[in-house]
Amino acid sequence: MVKRHFTFENIFRKTSEIEQKITSIKRESISLKISERQLYRYYKAYKEGRLAELFTFTVEKRQRAISNDAIATIVELKKTKYKEFNIMAFNEHLRDDEKIFITYPTLYRILAENGLYSPLLHRATKKKIKRHSGIKAPTQKSMKTFDLMIHHAITI
């Protein structure tokens with residue numbers, strides 16, 4: 001992981017040095033490895049007393065758009081009434097019969113979190129079966145050697 005040179009403490013110390021005219025913005029931008037414009041922005045925030053606001057990262061947890069009761073209902077319907085349906089058909093039946101409107105990616109995520117996947121799998125084509133079976137079709141040369149082996153076994 002790359003170490004950042006522009007932590008809050010470094011920026012605070014450098015901007016206070018710039019304000020006291022100890023050093024220049026150009027020199028400090030090189031030492032912090034950021035652009036002069038960015039350092040001007042930090043310096044302006046320092047003078048206004050809001051430098052700490054630029055370095056506080058608050059991430060609020062997003063609330064779910066679907067309630068837990070609705071999720072439980074969807075999972076229960078998939079386990080009982082619509083067990084043999086794939087996810088797309090299940091989504092259509094939820095919309096038409098049950099009047100539950102939900103997008104496909106959200107439905108897929110809900111079902112995957114609960115271990116329910118689409119029951120219909122694609123059948124392997126004959127070409128793939130032949131390719132991965134390890135059995136090769138006999139060639140003209142191999143048939144001749146096979147005939148010779150049988151002829152040799154009969155004569156012995």
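Predicted model: local features only at pLDDT ≥ 70, side-chain atom pairs only at ≥ 80, totals over all residues.
User: How do you know whether Lys-21 is buried or exposed?

Analyst: Lys-21 has a relative accessible area of 69%, and since buried means under 20%, exposed over 50% and partly exposed in between (1.4 Å probe, protein chains only), Lys-21 is exposed. Lys-21 lies in the loop between α1 and α2, and its phi is positive, about 60°, although the residue is not a glycine.

User: And what makes Lys-33 buried or exposed?

Analyst: Its relative accessible area is 61%, so Lys-33 is exposed. Lys-33 sits in the loop between α2 and α3, where its phi is near 60°, a positive value in a residue other than glycine.

User: Why are α1 and α3 called roughly perpendicular?

Analyst: The axes of α1 (residues 8–19) and α3 (residues 36–48) cross at roughly 80° and come within 10 Å; angles of 65 to 115 degrees count as roughly perpendicular, under 35 as roughly parallel, over 145 as roughly antiparallel and the rest as oblique, and α1 and α3 are therefore roughly perpendicular to each other.

User: How do you know that the buried residues of α5 line one face?

Analyst: In α5 the buried residues are Ile-71, Ile-74, Val-75, Leu-77 and Lys-78. Seen down the axis, these buried residues fall within an arc of 160° (taken from the directions from the helix axis to the C-beta atoms), so they line one face of α5. They pack against α6 and α7, whereas Asn-68 and Asp-69, on the other side of α5, are exposed.

User: What makes the buried residues of α7 lie on one side?

Analyst: Thr-106, Leu-107, Ile-110 and Leu-111 are buried in α7. They cover an arc of only 130° around the axis, which puts them on the same side of α7, and what covers them includes α5 and α6.

Technical notes
Residues numbered from 1 in each chain as written. Heavy atoms only, no water. Axes fitted to C-alpha atoms, helices over the stretch in contact; angles between N-to-C directions. Helix = DSSP H or I, 4+ residues; strand = E, 2+ residues; numbered from the N terminus. Contact = heavy atoms within 4.5 Å.
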